[in-house]
Amino acid sequence: MSTGTSLRTLSCNVSGSRVQGLVLQPAWDYLHQNHHEVLSSPLFPVVLSISTYFAMVAGYTLLDLLAPTWPCINRYRLHPDRTITWPNIWTTLGVTVYNHLVYIFPAAVAQWLWRPPIQLPCEAPTLWSFFLGVLGCIVVFDFQYYLWHLLHHRVPLLYRTFHAVHHQYNQPFSLVTQHLSGWELVSVGFWSTIDPILLQCHCLTTWAFMVFNIYVSTEDHCGYDFPWATHNLVPFGLWGGAPKHDAHHQKPNTNFAPFFSHWDWLGGTNTTPTAPSRHAAAAWEPDETKERKD
């Protein structure tokens, strides 16, 4: 055991009597003592976000490729008559990789060079503060993105310049999640990074929110309506989910919120998804055309 690890262990043991009984403390002690250098690195949140996203996308893309010949998968697709093609996959993946190389990678390197290692607290969050912190970040981010999204649809210049890229597919699949302009990727990523800081969340809470945010964002774009999807688990239609976001891509002036449904209800922008399409529809269609049709 290194000297630095020994000192950290001693420092944390001093306050050990105050953390007895915390549900998350054993897991946090293990991470703190065995992976401190990795977790305290400024690069860890970036690596966590990117790896979570590509793991999610890889799973859904595999389902997309299997769905045409596996009825047990295809039955859950919102548009079972649509096939996700390799050109669709390469195009969206190309935009994603380009954005990560041009925007995310330089920012991560700068953060690694100039930001000191994170000081990890000895105490884990209580289970209550953990879930309350994640929920608080979700609620704040949901409101921020609703306003951002609404503004970028209602102001033609913002839409054409920044947001139209995301709407080139009117029937999204998982890789469309980050088929974005650089501005959208950076601005939305800024909120998901700053919100846990504003709410003074524990770093474990922050990482959990980041993973959950990516999970739900990918799920919203996946094009599937599984029984275990978040919108099917949250009661009373309070959660949007893939069907509502799919409806947004077809009716772009509706369903702007990323998570909950209440802002769309209050703002008069809520729409109920229609039954899955039974006829082929063009996946590549600029949103501006669709808005004229609407």
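Modeller: Let us start with one residue and its surroundings. Contact here means heavy atoms within 4.5 Å, and the neighbours of Thr271 within four places in sequence are left aside. On that basis, Thr271 is in contact with Lys244, Ala247, Lys251, Thr254 and Asn255.

Biologist: What kind of model is this, and from which number does the residue count start?

Modeller: This is a predicted model, in which local features need pLDDT of at least 70 and side-chain atom pairs count only at pLDDT 80 or more, while totals for chains, interfaces and linings use all residues. Side-chain values use heavy atoms, with hydrogens and water left out, and along each chain, as its sequence is written, residues are numbered from 1.

Biologist: Is Thr271 buried or exposed?

Modeller: Helices are DSSP runs of H or I with at least four residues, numbered from the N terminus, and Thr271 sits in the loop between helix 13 (262–267) and helix 14 (287–293). A residue is buried under 20% relative accessible area, exposed over 50%, and partly exposed in between, using a 1.4 Å probe and protein chains only. Because its relative accessibility is 13%, Thr271 counts as buried.

Biologist: Is Gln200 buried or exposed?

Modeller: Gln200, also not a glycine, has a positive phi of about 55 degrees, and its place is in the loop between helix 9 (182–198) and helix 10. Since its relative accessibility is 72%, Gln200 counts as exposed.

Biologist: How many aromatic pairs are there, and how are the rings of Phe141 and Phe259 arranged?

Modeller: Rings of Phe, Tyr and Trp (its six-membered ring) pair if their centres lie within 6.5 Å, with planes under 30 degrees apart counted as stacked, over 60 as edge-to-face and the rest as tilted. The count comes to 22 aromatic pairs; in one of them, Phe141 and Phe259 are 5.8 Å apart centre to centre, with 35 degrees between the planes. Phe141 belongs to helix 7 (residues 127–154) and Phe259 to the loop between helix 12 (241–250) and helix 13, 118 residues apart, so that the pair links distant parts of the chain. Phe141 is buried at 3% and Phe259 at 1%, and their arrangement is tilted.

Biologist: Which kind of pair do Tyr169 and Phe173 form?

Modeller: Tyr169 is buried at 1% relative accessibility, and Phe173 is buried at 2%. Because their ring centres are 5.3 Å apart and their planes stand at 85 degrees, the pair is edge-to-face.

Biologist: How far apart are the end C-alpha atoms of helix 10?

Modeller: Of the 19 residues in helix 10 (residues 203–221), 14 are buried, so the helix is largely enclosed by the rest of the structure. The expected span is 1.5 Å times one less than the number of residues, which for helix 10 gives 27 Å. The end C-alpha atoms agree with that value, being apart by 27 Å.

Conventions
Helix = DSSP H or I, 4+ residues; strand = E, 2+ residues; numbered from the N terminus.
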